[in-house]
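Please look at the sequence and the model before reading on.

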Amino acid sequence: MAFDPLQERGIPLDEQLRDWRELNVTPIDPDRCDPYTRCRIITMNGIETEAILFSHHMARHCRDVEIKQRLARVRYIEAQQQKVVNWLLPGVSSVLETTIAYEQVAVDLTAWVARMEPDQRLKQAYQFGVLEDFDHLYRYANLYEMIEHRRADKIVDQLTEVMPGRPTYLHHRDSMDNVREPYQRRVTEPLSRLHALTITAAEQQTMNFYMNVGPMYMEPIARQLYQEIGLIEEEHVTHYESLVEPGESWWERLLNHEYNECYLYYSFMETESDPKVKNIWELHLNMELEHLRLAAEMFRRFDGRDPDQVLAPALPPPVTFEPNKGYIRDLLATQMDLTTLGTGYVREAHERFEKMQRAVMGGERPPSERVIEENRAISGEEYRLQTEGPHPAGLRVNR
Ligand SMILES: [Fe+2]
Ligand SMILES: [Fe+2]
Ligand SMILES: [Fe+2]
Ligand SMILES: [Fe+2]
């Protein structure tokens, strides 16, 4: 039987509040955990953060005190969920280790979404973006080896390869070229909406993370690399958020947010390898079912339509963290040299792109290139993790 969140009963809102003892979760063991458990935690932290910020924005557009109170009640629970989820991460990891995990999320989540996306135009948007976060992973892994003297396979294990993608310095595009055409609400499948919400939330959290943690390092190359990649995450948020048609009403957007939370908790409950973490996904799913019911009630009342008109009849197959090595290698072989022009994609470096490059480089080598050179000088060679053979675009290891 397919799981239909609109038909399931959740935990009544009054019973969702947790005390300090319940909020005080035991973190995962960083040395023994499944890297994809960490990826699921990071993803859900991004989703809960999005739920909280979205609800705040909605409340600020709203005059009615009663609706603001309803939003505030659910939002407080979202805030408790966010605390529980993010506090599953152990305090021993360094900022850079968490950063590498964030880029692993970006790679394997976006690749999975690209593989499953039914709309060709949206699929292209994910394929384009994933090759950039793939390159960020490589740059940060080299910074990690250089300043913490450790290897990124300690974090990503053998699940995600680490090697050059579309070179980071080429991600600095004119902002005019970062906005895509939105999907059309009435013809797009519900799954596409959920994908766009999920990836936008994940990129938003990465952007926020880098803008805050970047200056926590003292090493000039680390500070500079976080600035450079932090600015690209701003471009990524622009790229992905523009996929969502803004014509949707606040009620419909709220409904989609709660539905997506149900979808992801259900997905992770189904695929989680750590039993303690799985229990949390299950508990939160049962909370979200009630959030969804409340959002559906408001949707009927204020939007005037039935939730069935905008939501899928049942949940799509579970979002799964799994290796995407072959898929990424195919993209590396065929899409490394793409850039954007207007809302589309091109292969040549056009005038506006070159102008932006000159302006932002200021005649210097970018931090993302220097980090590889400097690590090579210190460690003897650059860091890579190629489990499936040579680089598909023929890029050899530089010594
Ligand atoms: Fe939530
Ligand atoms: Fe990234
Ligand atoms: Fe990104
Ligand atoms: Fe929720």
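The largest pocket has a volume of about 610 Å³. Lining it are 26 residues, of which Glu-50, Phe-54, Leu-197, Thr-200 and His-257 are the closest to its centre. The elements that each give two or more residues to this lining are α2 (35-60), α7 (190-213) and α9 (250-271), and α7 gives the most, with 8 residues.

This is a predicted model, in which local features need pLDDT of at least 70 and side-chain atom pairs count only at pLDDT 80 or more, while totals for chains, interfaces and linings use all residues. Residues are numbered from 1 along each chain as its sequence is written, chains are lettered from A and ligands numbered from 1 in the order in which they are written, and side-chain values use heavy atoms, with hydrogens and water left out.

A pocket here is an open set of points on a 1 Å grid over the protein atoms alone, where a 1.4 Å probe fits, with protein on both sides within 12 Å along at least five of seven lines; lining residues have an atom within 4 Å of a point. The volume is the space filled by probe spheres set on the points. Helices are DSSP runs (H or I, at least four residues), numbered from the N terminus.

The second largest pocket holds about 510 Å³ of space. Among the residues that line it, Leu-89, Pro-90, Ser-93, Ser-94 and Thr-98 are the closest to its centre. At least two lining residues come from each of α2, α4 (95-116), α6 (153-156) and α7.

Next come the metal sites. Donors are N, O and S atoms within 2.8 Å of the metal (3.2 Å for Na, K and Ca), and sites may look incomplete because water is not among the atoms.

| Metal | Protein donors | Distances |
|---|---|---|
| iron ion (ligand 2) | Glu-103 (OE), Glu-103 (OE), Asp-133 (OD), His-136 (ND1), Glu-233 (OE) | 2.0 to 2.4 Å |
| iron ion (ligand 3) | Asp-133 (OD), Asp-133 (OD), Glu-203 (OE), Glu-233 (OE), His-236 (ND1) | 2.0 to 2.7 Å |

Which residue bridges the iron ion (ligand 2) and the iron ion (ligand 3)? Asp-133 does, and the two ions lie 3.4 Å apart.

Glu-103 in helix α4 and His-136 in helix α5 (residues 120-148) are 33 residues apart, a pair that links distant parts of the chain. Both are buried, meaning under 20% relative accessible area with a 1.4 Å probe and protein chains only.

For the iron ion (ligand 3), the spacing is D-x69-E-x29-E-x2-H. Here Glu-203 in helix α7 and Glu-233 in helix α8 (residues 220-241) are 30 residues apart. Glu-203 is buried, at 2% relative accessible area, and Glu-233 is buried at 0%.

Conventions
Buried means under 20% relative accessible area, exposed over 50%, partly exposed in between (1.4 Å probe, protein chains only).
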